[in-house]
Amino acid sequence: MAWVWLIVGGLFEVGFTTSLRFVDGFRNIGWTIVFLISVSISMALLELAARTIPMGTAYAVWGGIGAIGTVIVGMIWFGEPSTTIRMLLILVIVGAIAGLRLTA
């Protein structure tokens with residue numbers, strides 16, 4: 001179950017990093033609330049997962065999920081470049097996450 005919490009926490013990391021684009025110096029109250037809720041849930045789930053999964057592994061996987069998700073959101077919704085090298089590097093991160101999962 002710890003891996004499920006970790007994955008969901010990583011997805012909430014995507015939520016808080018994406019919402020940062022809209023907080024406008026924390027003056028946009030709605031997006032600031034989304035940010036605060038997302039970061040709270042993400043950190044709580046990381047802490048919960050790290051009770052079972054080694055902390056270094058948990059943090060690396062959580063951060064990797066957040067990084068991959070944020071890059072994908074940027075490409076899909078914000079028109080960031082989706083070059084071949086970016087896609088290959090995403091696959092490298094996915095491979096590293098899978099490797100950590102297999103060795104944990």
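In which helix is Ser19 found?

A: Ser19 is found in helix H1, which covers residues 2-19. Helices are DSSP runs of H or I with at least four residues, strands are runs of E with at least two, and both are numbered from the N terminus. The model is a predicted one, in which local features need pLDDT of at least 70 and side-chain atom pairs count only at pLDDT 80 or more, while totals for chains, interfaces and linings use all residues. Residues are numbered from 1 along each chain as its sequence is written, and side-chain values use heavy atoms, with hydrogens and water left out.

Ser19 counts as buried because its relative accessibility is 1%; buried means under 20% relative accessible area, exposed means over 50%, and partly exposed lies in between, with a 1.4 Å probe and protein chains only. The side chain of Ser19 reaches the backbone oxygen of Phe16 at 3.0 Å. This is a polar contact, that is, a pair of N or O atoms within 3.5 Å; within protein, one must be able to donate a hydrogen and the other to accept it, and residues adjacent in sequence count only if both atoms are side-chain atoms. When neighbours within four places in sequence are set aside, Ser19 is in contact with Trp31, Val34 and Phe35, where contact means heavy atoms within 4.5 Å.

The loop between H1 and helix H2 (29-49) holds Asp24, and Phe26 is placed in the loop between H1 and H2 as well. Asp24 has a phi near 55°, a positive value in a residue other than glycine. Phe26 is likewise not a glycine, yet its phi is positive at about 65°. Asp24 is partly exposed, with a relative accessible area of 46%, and Phe26 is partly exposed at 45%.

The surroundings of this part can now be described. The protein chain contains 4 helices and 0 strands, in the order α-α-α-α from the N terminus on. Its C-alpha trace spans about 45 × 35 × 15 Å along the principal axes. Of its 104 residues, 33% count as buried. Among contacts between residues at least 6 apart in sequence, 63% join residues at least 24 apart.

In the largest nonpolar core, which has 18 residues, Leu6, Ile53 and Val61 touch the most other members. A nonpolar core is a set of buried Ala, Val, Leu, Ile, Met, Phe, Trp, Tyr and Cys residues joined through side-chain atoms within 4.5 Å. The elements that give two or more residues to this core are H1, H2, helix H3 (55-77) and helix H4 (84-103). H3 supplies the largest share, 6 residues. Leaving out residues up to four places away in sequence, Ile53 touches Ala2, Trp3, Leu6 and Ala58.

Ile90 lies in helix H4 and is buried, with a relative accessible area of 12%. The C-alpha atoms of Ile90 and Ala67 are separated by 8.8 Å, and the two residues are 23 residues apart along the chain.
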